[in-house]
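Open the model in your viewer and keep the selection panel at hand. We will go from the interface to its rings and charges.

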Amino acid sequence: MLKQGKVYKFGDNIDTDVIIPARYLNTQDEKELASYCMIDIDTAFAGNVREGDIIVAGSNFGCGSSREHAPISIKASGVSVIIAKSFARIFYRNAINIGLAIMESEEASKKIMEGDEINVDLTSGKIVNITRGEEYFAEPFPEFVQNIINCNGYINSIKKVKSWKK
Amino acid sequence: MGMTITEKIMAFHAGVKSVKADELIMAKLDIVLGNDITSPVAINEFEKAGFVEVFDKEKIALVMDHFVPCKDIKSATQVKQVREFSKKHNIKHYYDVGKMGIEHALLPELGIVKAGDMIIGADSHTCTYGALGAFATGVGSTDMAVSMATGKSWFKVPKSIKFNLTGKLKPYITGKDVILHIIGLIGVDGARYCAMEFAGEGVHSMSMDDRFTIANMVIEAGAKNGIFPVDDKTREYMRGRVSVAYNEYASDEDAEYFAEYDIDLDDIDYTVAFPHLPENVKTPSEWGEVYIDQIVIGSCTNGRYSDLYNAAMVMKGHKLAEGVRCIVIPATQDVYKKCMNDGIFDIFIDAGAVISTPTCGPCLGGYMGILADGEKCVATTNRNFIGRMGHKNSEIYLASPAVAAASAIVGRLATPAEVK
């Protein structure tokens, strides 16, 4: 699966409180959540980000609260994939569960700059920086995780099961 | 090869003899938890998936605590959705206004969580129950939704990091100082994906409340779970609360650890995390003069009886410094009642503080104590991220209840010894 877009770059330890502050957690509306995405560290982000754009960040992205509203607000803002040096574990699992593509690559996290145009192949893990003419590689997800992302989330991928009660 | 406590609990719930770090398992759950922010999203997913029944109406806990008593129409609508779901599915452990408390104080208090349990909660501080010798970790709403239907979840067995505790804490130095010290030592991603296991004779000298505070904040070092061995204090705490049998696990001598740290409790000083990361810790000689506008004493980290008692003992007979606001939030109705009956509230009110009903409220910038541009707050809560308690230019200093109370009286970040 290929994704291409313009890069928005963030630093280390981007926590879920800055991704979507709790004062906006009284709604589950995805578009409304997207309109506040990153508001406390980049007031322009929600207005500028376009469908397909890509977030590149440092280490421990998504640390803090377990709020699924955080990856939901990023996904609903149009972001197609997040590349980071590393992810906090709850965010990592939540992103996959809602079908938001994520990748870990230290080299890509370091070398890709704000505004670069990049192309990402989720199947192979290849990241092409069109602006700089560089290539980086991330470990691709195993097939079952790629399937969850392709199905647009965990629930959609298991939807046919009606009741698990024994 | 021996196993750690975490590995033993995981193996038992996966129905296998042994597991090792990095292995993927499917495990049965004893409790699936959600609150008024995460449950609505989970309920939507549950219904979207076409699930019609919960796996066990006695093993789901839904606690309305974050924006409750409801702060606005939107939050009231969310609670209404959870209330209706609970009624429809006959959820036994549904806690609303009057019965609710902050989830991670309430569940142990009511004996709903116990030693040996495997627990997930759609709240990152679910790791608190590790203090009881249970495996407990935070997840998102989708995992909660699937587990409400299946009673199971998949896990990667975490690597364990061992903290060997020796010695004894000095008066007014608490679990909060210990965990902030440790986060300062290893960093906010120092235990990412790992289990933080607390061991050694130092553990036994600490109260259950200290252990709850320590386990509560392991997520602030990125950990999957924190875990304590079960001892007499744990058993005493569970006596009268837990009415069914529970399993005690101990780590084997030859269990494998990814890393080990030695912590001498005698060396721990008052420790405060400065803005804007919990790893940014300083001890009194490094504090300088930090003048403050607001104090919050409460939360799932520090809203238990001993927390409020410690704060009251520091405040007793004193008045808040001019211009300082102090908000005290008992974590549960039981804590509230005990504090009221023991005269703890009189001390706070006479000092000029206010008492709130149990709520997570200000800790996450929800309501009941939001900070304005440039304001500084000393809080006994767990996160000091940018904008966490209000305006993005406000500042949060994470501290123990004793330091928070002292700071309220002195008007700047201060130790109890400075209260005169």
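Show chain B and chain A together: they bury about 4100 Å² between them, 53% of it on carbon and sulfur atoms. Buried area is the accessible area (1.4 Å probe) lost when two parts are put together, summed over both. This is a predicted model, where local features need pLDDT of at least 70, side-chain atom pairs count only at pLDDT 80 or more, and totals for chains, interfaces and linings use all residues. Residues are numbered from 1 along each chain as its sequence is written, chains are lettered from A and ligands numbered from 1 in the order written, and side-chain values use heavy atoms, without hydrogens or water.

Next, select the contact (heavy atoms within 4.5 Å). Chain B gives 56 residues and chain A gives 46 residues.

Now select B:Arg388 and A:Asp17. Their side chains form a salt bridge at 2.8 Å, N to O. The term means a side-chain nitrogen of Lys or Arg within 4 Å of a carboxyl oxygen of Asp or Glu. Three salt bridges are counted between chain B and chain A.

Move on to the rings of Phe, Tyr and Trp (its six-membered ring), which pair if their centres lie within 6.5 Å; planes under 30 degrees apart are stacked, over 60 edge-to-face, the rest tilted. There are 20 aromatic pairs over all chains. Select A:Tyr92 and B:Tyr193: centres 6.1 Å apart, planes at 85°, so edge-to-face.

Last stop: B:Lys71, over the face of B:Phe67 at 4.9 Å from the ring centre. The rule asks for NZ of Lys or CZ of Arg within 6 Å of the ring centre and within 35 degrees of the ring normal.
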